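Here are my notes on the model you sent.

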Amino acid sequence: MICFSISYENIVFLSLILIVFSEYSSTSKHRTAHQVDFLSTRRKSDFESTTEQYTVEPKIEKGVISSSTEKLPNVGDDICFSSGLCRNAPDTENWFCHCDQECRIYNDCCVDHNANVVTKNQPKYECLSGTSDARAETGYFVSVSCPHDYGNQTVIDRCSRASLVADGPFVVSNDSRIFINEFCAYCNDVTHFTSFDLQLYNLRVDIDEYRAVSSELTGQEKLNYTLQLSDYKQIIPPGTVTRFCLIGLHATIDFACQLFVNPVLVLYTNNDERLYRNSFCVTPGDIRRKKCIGKRFHTNTNDKFTIHELSVIFSFKSVAENIDNIECAVWSQQIAKQGKCSYLETYKDKVIHIEYFLISNTNLSVIDWSRISLISVWTYVISNISALKTLENINVVTKNNNMTAHVKFKIKIIKRTFYQEMKNIEKYLKDQNIRLIVTDNITQETIEVKTMRKDENGYQNVSHMNDYATTYNIYHAKYLKYYLDNSQVSMMVGPVDELCGHWVIEVIQLGNLLRADSYECLPHITKVVTKLSIMSILT
């Protein structure tokens, strides 16, 4: 997967922003403030009939103020009433409803969190995932509109249009209020905010072909071109506190339907399945069954996205002045935070095919070749730089009467990098040399194993007849350690934390156990990448 960033100025017209600020400063935006009063927090018995009067908050529309009083429905008639109570809402986990003072703002109160003032205005927050994934079931609340009395029609139109190409991504204020774009922030009195980065993944084109085409495009054209070739996810800035919600809850404008969130899953006889906001929202029809999800509700807070190889990241941060190109050689979080080098493309999760031969000065058993091959793969897993690609295999094939092993696997560059930086890392990983020295603890005899690549002298002497093949399935990043442990290989050293052109690994043989005691990077080969490796670790 590969990522790049361009400045926000290349995407949104500066002239329009100046117009926004000019009209913003000269337009009065005083709005009517309404005092919010809440009822006692006492909990009613599960199916107690409620007959209190609800006062509907005055609605301001086209200069006319109207108000009404409606009778609170008997919430005990909600078939899922007991599973949607405030007492069931956990304090530390995501939940579909809330019992705080902000639940009226986001329209996500639990069934028994009653207030004597209820708004009938169109909700200004929507539950969005910030992705192109139509299967997304959960998201967070995003402000999507301007106040009714805001006067700048240009800003209103661009807030409601919400085009990623023309209007930019989500933005977040210092107090974690998220807006669908910067224009919605402006009209809601927010002028200091941070833009989300836009990660476009599953890019369906080769990286070199993509760069050849996109380099001739303007910022907007490049973003539009990339969106047509990929899926996307908006990256939440660090430190942002989001408000969890369920996407796609079916609802009506009925007062009882809008009163609280207590989802019910309805299956109709035509096998149409819908998740409703609460049971008062259910559309009449031939219903086969209803299921309350409250007591069965569980969410996975882990990232559910599978980001595949070749993807692009757009940065919408402003470009800093007086940039020294030397500073843009290695990407870091500090550079990104300062807005430096944001005009350059950045890349992430590029997948590399690694292939090499291991040659020994003596015959080894199939088991020993498998163990030594796994130790050699371990040197490619570098903290904050590279990782084994999951759902792939490590293939080890012995040749030449067990004098040679052919090793193949895939590595992913997990560090966010500039293009040339990514190319440098790829070259070091592909050209990396390894020398393993295995010493018998009793006899002190040594076996030496080293790498050989197809372009090296002596490769032509390697037989292409296979003796034995072993495949290791990498379902998870931790599987390499599992295979090492299962093969009686003890790694007494910590993880690799730098790029290196030539590794020397000392291994002690203790009976059937192989113990990797130390590894050394030959400095005369790695001095060129010293700065690169340190900066990578810092990120």
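1. Start with the largest nonpolar core, which has 61 residues. A nonpolar core here is a set of buried Ala, Val, Leu, Ile, Met, Phe, Trp, Tyr and Cys residues joined through side-chain atoms within 4.5 Å. Buried means under 20% relative accessible area; exposed is over 50%, and partly exposed lies in between (1.4 Å probe, protein chains only). Ile-394, Phe-409 and Leu-429 touch the most other members. Helix H10 (residues 366-378) supplies the largest share of this core, six residues. Helices (H or I, at least four residues) and strands (E, at least two) are DSSP runs, numbered from the N terminus.

2. What does Ile-394 touch, leaving aside residues up to four places away in sequence? Its partners are Leu-374, Val-377, Leu-388, Lys-408, Phe-409, Thr-470, Thr-471, Tyr-472, Ile-474 and Leu-480. Contact means heavy atoms within 4.5 Å. Another core lies apart from the largest one. It has 20 residues, among them Phe-179, Ile-180, Phe-183 and Val-190.

3. A word on conventions. This is a predicted model: local features need pLDDT of at least 70, side-chain atom pairs count only at pLDDT 80 or more, and totals for chains, interfaces and linings use all residues. Residues are numbered from 1 along each chain as its sequence is written, and side-chain values use heavy atoms, with hydrogens and water left out.

4. Confidence next. pLDDT is the predictor's confidence in each residue, from 0 to 100. The chain averages 77, and 73% of the residues score at least 70. Over residues 301-305 the pLDDT is below 50; this stretch has six contacts in the model beyond near neighbours in sequence. Residues 524-539 also have a pLDDT below 50, with 28 contacts beyond near neighbours in sequence.

5. Overall numbers. The chain has 539 residues, and 46% of them count as buried. Its secondary structure comes to 14 helices and 27 strands. Among contacts with a separation of 6 or more, 71% are between residues 24 or more positions apart. The chain exposes about 27,200 Å², with carbon and sulfur atoms supplying 49% of it. Accessible areas come from the Shrake-Rupley method with a 1.4 Å probe; for residues, only the protein chains shown count as cover.

6. Now helix H7 (residues 219-227). Its buried residues are Gly-219, Lys-222, Leu-223, Tyr-225 and Thr-226. Why do they sit on the same side of H7? They cover an arc of only 160° around the axis, which puts them there. The arc is that of the directions from the helix axis to the C-beta atoms. In general, an α-helix has 3.6 residues a turn, so residues three or four places apart point the same way. The cover over the buried residues of H7 includes helix H4 (164-167), strand S9 (197-201), helix H6 (207-214) and strand S15 (311-314).

7. Disulfides: the count comes to nine, taking a disulfide as a pair of cysteine sulfur atoms within 2.5 Å. One joins Cys-127 to Cys-245, S to S 2.1 Å. The partners are 118 residues apart, Cys-127 in strand S4 (residues 125-128) and Cys-245 in strand S11 (residues 244-246). Both Cys-127 and Cys-245 are buried. With 95° about the S-S bond, this link is right-handed.

8. Another disulfide joins Cys-257 to Cys-281, S to S 1.9 Å. Cys-257 lies in helix H8 (residues 255-259) and Cys-281 in the loop between strand S13 (273-276) and strand S14 (287-292), so the pair ties together parts 24 residues apart in sequence. The torsion about the S-S bond is about 105°, so this one is right-handed. Cys-257 is buried at 0% relative accessible area, and Cys-281 is buried at 1%.

9. Is the Cys-86 to Cys-99 disulfide left-handed or right-handed? Its torsion about the S-S bond is about -100°, so the link is left-handed. The S to S distance is 1.9 Å. Cys-86 counts as partly exposed at 22% relative accessibility, and Cys-99 does at 30%.

10. Last, Leu-267 in strand S12 (residues 264-268). Leu-267 is buried, with a relative accessible area of 10%. It touches Asp-272, Glu-273, Ile-287, Arg-288 and Arg-289, not counting residues up to four places away in sequence. Leu-267 and Lys-291 are 24 residues apart in sequence and 8.5 Å apart in space, C-alpha to C-alpha.
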